[in-house]
Amino acid sequence: MNWSFMIVAMLPEHLLLAGIVVLITLDVLEVGEKHAASVAMGAVMASALIAVSLAIVQFQGSPFPGHFSVDQPTMVAKAVVLALALPILQLSRDEFGEDERFYILLLSSLYGVLLVSSSDGFLTMFLGLEIMSMPVYVLVLLAYKRHEAAEAALKYLVLGGAATAMFLMGASLVYGSTGSLALDAFVKAAQAGDTLASVAVILVLVAFFLKAAVVPFHAWAPDAYEAASVPVTGFMAVLIKAGVLLAVVRLVGQAKLGSPLVELIAILPLISMVWGNLAAMRQTSFRRMIAYSSIAHAGYLFYAFLGDGPTRMQAVIFYLLAYGLMNALAFASLPAGPNDERRDRLDALKGLYQRQPYAAILLGIALLSLAGIPPFPGFVAKFLIFKNVIAAGYTTYAVLGLIGSYLGIYFYLRVIQLMFMGSQPESAPSQGRIAITAGVLCLVPTVALTVFPGVFIGLLGR
Amino acid sequence: MSEPAVLNLILFLPVIGMVLLPLARSDGMVRQVTFWVMVLQFILTLWLYVKFQAGVAELQFETRLPWIAQWGVHYHIGLDGFNVLLVLLTAFLGPLVVAGAFSAITKDVKLFYAMVFLIQFTMLGTFLAQDLFLFYVFWEAMLIPMFLIIGIWGGERRIYATVKFVLYTAFGSILMLAAIIYLVYSLQQGTGVSSFSFADLYRHKLPVDVQGWLLAAFALSFAIKVPIVPLHTWLPDAHVEAPTAGSVILAGVLLKMGTYGFIKLGFPLFPEAARAATNWVMLAAVVSIVYGACLALVQTDIKKIIAYSSISHLGYVMLGLASLDLIGIQGAIIQMVSHGLTAAGLFLMVGMIYERCHTRELAAYGGLAKILPVYSVFFMILTLAAIGLPTTSGFTGEFLVLLGAFNSAWPIYQAGNSVPLVMTVIAVTGVVLGAMYMLWFAQRFLFGAVKAPHAPLVDLNGRERAILVTLVIAVFWLGLFPNGALRKTEVAALQYQKWVEVAGKPPATARASSMSVQEAAR
């Protein structure tokens, strides 16, 4: 085990860390305030490029055995996460300008996501999860535009803390029943079947359900999404969700799941799809609607674990990419309003096509893809997950899940209906600025993924 | 250019047109660009139709490229006897739809024609696809442009109608998606090959009970699209609220996607289950024929009359498919095209009168023959074609279907089961009912005391006449010379019959009998 190997294996993380250090230095010295966003962008971009190159050369190994390891799928996952962070960062630049604190927190959280997706033991995973979550509690509050933000951030903090506690408790019980803190102890505990082990498994799973906002542990999400500013909501919907799901991929691995565990990770996500989609129909706030939509999408994502071992990683990464791109695209093409509350109202989108046709078309594409209507990437992603579920023999769950996803079509269409068929509101809002660069950053891969989904699926391997 | 390249060009012309549209500077230019692209598409399609060889069972002008190689998904298109007429019909109606909307659509013109292009693309793609994944993508993507066409340019209750249309259709498709995944998965289990190709899937034999489930899922999706009673309730709303162009596309082509689904996929993929369900399909067909006709009889909105008549006419298609008799199957294919022509024509004509009088209430009209003579002549011709008067396309279709149904019911009757025969006889009453509602409609509309809102009215202008003349020529061409079309579809009909595995008659007698039909038509 030599030093260069250890540095290269964690190079994406190190680059983020370097970015954070530079930003802190800039903040302390009070110089170069104008370049905070560019530094952050640069760090993430460099980190993404390194991840892509390491994935291409099929770099693999374990610099810290039992704690941290990388292989090709992990590197692809990291590259996807980092690439998804780019439009969100661009979006923040438009919203927040050059506030260093914002980028420091965002990069720290991103560091946590990367750490989680490489973790091999409960300790590393715990570190990663905390590094990932802590900054977000602050981000929700930072540069808040509404008074409810404080309440939402507190709620998020308390429930996030509860999830952390449950994870720790579960991890310690896993240790108690199997004598190991490696992640594969989780599956062993699930197969053991005694009370101690079952409690451990349930605690750990519930912690992840809480973090991913799966019904009935979802109540924090709509409040937090609504109260946070647009880029932070985008960050939570895309990257935090990605981090949690990648953690579950590490946790479950390629093991064959037995009977009680299968029901656990099928039934609550199924309820999540149905409830998320039903509740989204009634929302009047765009971000609340996206929150419920993300609750439903958490359901589809957990379904990926019903598939056979080797297919899980591929399905989760592809889904995260499609889903993340679409959310980022939706937030990028959402026109700015006179104030945050007005901007967030679905009514404000009425007649958008008349005012800003391209914003309406982009938002429409994002929503149709989220609804899983072909030919957009959301459809291929959903197809991949349900294909794996059926191939693993859970046809009934697949059919129920598809019906659950059908329920989601209506509320996405409702937004399109408002944009294209609604008449202009009385006091027609003026042309809101939309984040063009961020939009293009999402649109190009979206088109590529629509026309050539096969290429990317090929990259993910069998 | 080689033929496969032309076929690809035909499919992607609408996309090219859509890309051109944002460059157009005025609404007039948008209309011109759309129209001429559509005309070009039709000319190319006609050329391919002429080149299409009758009597060849294989796909013609085929293109096959890997798309998602890991799953065995291919971009695979080609012409065969099943889709050749429907592709021609779609391309034929394209320019007419565009020209028909010149004066009616004044709001968001660019978006409108972009959506017409998009729906043309998805419809052609659905017919041409020879890969189940590709088929599903086109099938489902069609919802997007139609949702917008009805929802933006429709009538008063357009939002309700368009949401209902999408939710209905999407429900069918979501179960079909589950069935598709299962079907492909079981193919992979059975043969070790992951493939979505129709040809591979036809060869794959499934246990009968599995076939039943899968057929049910496919059939639900197709039956909603056709639509078959009792899944038809979205249709009148969608038709009434849609702008004229939307109704023409819906009635002209979209509904045929459902029947095409049955003939190309539903029945041949699951032959044993299909055979077991024959009587039920017949029942659904007969109910659709009679119930649709009865509903058409009592409507007071002229668009609704034609909408319900569509349900009735597509019932014949289903009857022909269920008969599993060669003549019946060919009749079903002809009936699809014939209905596409007449319903499209009638909806266009309703649109023309609506532009002048701004109402669709039948009671507001009367004696149009006196004030709009040219309009009335065209309307009468299309009415007679719709009720299947000999020499028109409607006759060829309905007559062949009923002949086929009797052909297949008679031996069963002699064997002691009279159910199919009784159903066929009931289906014949649909012809009488059809004549009743259409003629009664024409009588109240065209004859009697003169009344029309917003009189004095101007008779059809040159553009409108040109559209209708083109349609009427097509109606008579299919009525008088169906032989060319029948020959191009014959092998496909035989294949369908063989796949669903009924002892077929040799092709020679079939050709002879279809010839005698044509003579009877004269």
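This is a predicted model: local features need pLDDT of at least 70, side-chain atom pairs count only at pLDDT 80 or more; totals for chains, interfaces and linings use all residues.
The expected span of a helix is 1.5 Å times one less than its number of residues.

Helix 3 of chain B covers residues 84-100, and for its 17 residues the rule gives a span of 24 Å.

| Helix pair | Axes come within | Crossing angle (roughly) |
|---|---|---|
| Helix 14 (residues 309-332) and helix 18 (residues 377-391) of chain A | 9 Å | 155 degrees |
| Helix 1 (residues 3-20) and helix 2 (residues 27-51) of chain B | 10 Å | 170 degrees |

In chain A, the angle makes helix 14 roughly antiparallel to helix 18, because angles over 145 degrees count that way. The crossing of these two chain A helices is left-handed. Helix 14 of chain A brings residues including A:Phe318, A:Tyr319 and A:Ala322 to the contact, while helix 18 of chain A brings, among others, A:Ala381, A:Leu384 and A:Ile385. By class, this contact has 11 nonpolar, three polar and no charged residues.

In chain B, helix 1 is likewise roughly antiparallel to helix 2. Among the residues making that contact are B:Glu3, B:Leu13 and B:Leu20 of helix 1 and B:Val37, B:Leu44 and B:Lys51 of helix 2. Here the classes come to 11 nonpolar, four polar and two charged residues.

**Two buried residues**

Let's finish with single residues. B:Ile329 lies in helix 14 of chain B, which runs over residues 326-357. This isoleucine counts as buried because 29 C-beta neighbours lie inside 10 Å, and 20 or more are enough. Beyond its neighbours within four places in sequence, B:Ile329 is in contact with B:Gly320, B:Leu321, B:Gly404, B:Ala493, B:Tyr496 and B:Gln497.

In chain A, A:Leu139 belongs to helix 6 (residues 122-141). With 25 C-beta neighbours inside 10 Å, A:Leu139 counts as buried too. Leaving out residues up to four places away in sequence, A:Leu139 touches A:Leu105, A:Leu106, A:Ala228, A:Val232 and A:Phe235. The C-alpha atoms of A:Leu139 and A:Ala328 are separated by 17 Å, and these residues are 189 residues apart along the chain.

Notes. Residues are numbered from 1 along each chain as its sequence is written. Chains are lettered from A and ligands numbered from 1 in the order in which they are written. Helices (H or I, at least four residues) and strands (E, at least two) are DSSP runs, numbered from the N terminus. A residue is buried if 20 or more other C-beta atoms lie within 10 Å of its own, exposed if 12 or fewer, and partly exposed in between; C-beta atoms are placed from the backbone. Two residues are in contact if their C-beta atoms, placed from the backbone, lie within 7 Å. Axes are lines fitted to C-alpha atoms, for helices over the stretch in contact, and angles run from 0 to 180 degrees between N-to-C directions. Angles under 35 degrees count as roughly parallel, over 145 as roughly antiparallel, 65 to 115 as roughly perpendicular and the rest as oblique. A crossing is left-handed if the near helix is turned anticlockwise from the far one by less than a right angle, and right-handed if clockwise. Ala, Val, Leu, Ile, Met, Phe, Trp, Tyr, Cys and Pro count as nonpolar, Asp, Glu, Lys and Arg as charged, and the others, Gly among them, as polar.
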